[in-house]
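Colleague: I'd like to learn how to read the packing features of a model. Can we take them one by one?

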Amino acid sequence: MSRAWLAVLLAGCTAHAPSFTRGDFERHIEFLASPALQGRDNDTDGGRRAAQYVADQLKAAGCEPAVNGGWFHEFETKWVQSSEKTFRGRNVAGGVRGRALPNEYVVVGAHFDARGTVKGRIQP
């Protein structure tokens, strides 16, 4: 996960200039890439925990939930169109209300999932 991506994600939600240290970035990256999340694959406990972590960080940065009053957009899809197998996924989105135009928002989405475990090895 790119440090620049995380800065944009969190900075986009705050009403004031954020204060990020190298340690802040490393703490987020280390958690999201940790073995505890088992690669953050869709429809896994690790993926759900990563989604909740991102939502918690958006909230802490001052974002409002942007998906029908919540943080998560749940979806179900197939890996390939010809497949019968489907999987469930979850996107995270927050928003910042405009100051001059309070009916308009900047929406911040998070793509946080990864490949999970492949051939017994966690893919961070």
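Colleague: Start with accessibility. As what does Phe75 count at its relative accessibility?

Modeller: Phe75 has 24% relative accessibility, so it counts as partly exposed. Keep in mind that this is a predicted model: local features need pLDDT of at least 70, side-chain atom pairs count only at pLDDT 80 or more, and totals for chains, interfaces and linings use all residues. Residues are numbered from 1 along each chain as its sequence is written, and side-chain values use heavy atoms, with hydrogens and water left out.

Colleague: How many of the 124 residues, in percent, count as buried?

Modeller: 31% of them count as buried.

Colleague: And the overall layout? Which pattern does the chain follow along the sequence?

Modeller: Helices (H or I, at least four residues) and strands (E, at least two) are DSSP runs, numbered from the N terminus. Here there are 3 helices and 6 strands. Their order along the sequence is α-α-α-β-β-β-β-β-β.

Colleague: On to rings. How many aromatic pairs are there by the rule?

Modeller: A pair of aromatic rings is described by the distance of the centres and the angle of the planes. Rings of Phe, Tyr and Trp (its six-membered ring) pair if their centres lie within 6.5 Å; planes under 30 degrees apart are stacked, over 60 edge-to-face, and the rest tilted. The count is 2 aromatic pairs. Phe31 and Tyr53 make a tilted pair, with 4.5 Å centre to centre and 35 degrees between the planes. That pair links distant parts of the chain: Phe31 sits in helix α2 (residues 22–32) and Tyr53 in helix α3 (residues 45–60), 22 residues apart. Phe31 is partly exposed at 26% relative accessibility. Tyr53 has a relative accessible area of 14%, so it is buried. Phe75 and Phe87 form an edge-to-face pair, 6.3 Å centre to centre with 75 degrees between the planes. This pair also joins distant parts of the chain: Phe75 is in strand β2 (residues 72–78), Phe87 in strand β3 (residues 86–97), 12 residues apart. Phe87 is buried, at 12% relative accessible area.

Colleague: What lies over the face of Phe72?

Modeller: A charge sits over a ring if NZ of Lys or CZ of Arg is within 6 Å of the ring centre and within 35 degrees of the ring normal. In this model, Arg90 lies over the face of Phe72, 4.2 Å from the ring centre.

Colleague: Helix packing next. At roughly what angle do the axes of α2 and α3 cross?

Modeller: Axes are lines fitted to C-alpha atoms, for helices over the stretch in contact; angles run from 0 to 180 degrees between N-to-C directions. The axes of α2 and α3 come within 10 Å and cross at roughly 160 degrees. Under 35 degrees counts as roughly parallel, over 145 as roughly antiparallel, 65 to 115 as roughly perpendicular, and the rest as oblique. So α2 and α3 are roughly antiparallel to each other.

Colleague: Which residues in α2 and α3 meet?

Modeller: From α2 come Arg27, His28, Phe31 and Leu32; from α3 come Arg49, Ala50, Tyr53, Val54 and Gln57. They divide into 5 nonpolar, 2 polar and 2 charged. The classes are: Ala, Val, Leu, Ile, Met, Phe, Trp, Tyr, Cys and Pro nonpolar; Asp, Glu, Lys and Arg charged; the others, Gly among them, polar.

Colleague: Now a loop. Where does Asn42 lie?

Modeller: Asn42 is in the loop between α2 and α3. Asn42 is buried, at 14% relative accessibility. Leaving out residues up to four places away in sequence, Asn42 touches Phe75, Phe87, Arg88, Gly89, Arg90 and Asp113. Arg88, in turn, is in strand β3 and is partly exposed, at 48%.

Colleague: Last, backbone angles. What is phi of Arg40 near?

Modeller: Phi of Arg40 is near 60 degrees, a positive value in a residue other than glycine. Arg40 lies in the loop between α2 and α3, and is buried at 6% relative accessibility. Asn68 also is not a glycine, and has a positive phi of about 50 degrees. Asn68 is in the loop between β1 (64–65) and β2. Asn68 is exposed, with a relative accessible area of 83%.

How values were computed: Buried means under 20% relative accessible area, exposed over 50%, partly exposed in between (1.4 Å probe, protein chains only). Contact means heavy atoms within 4.5 Å.
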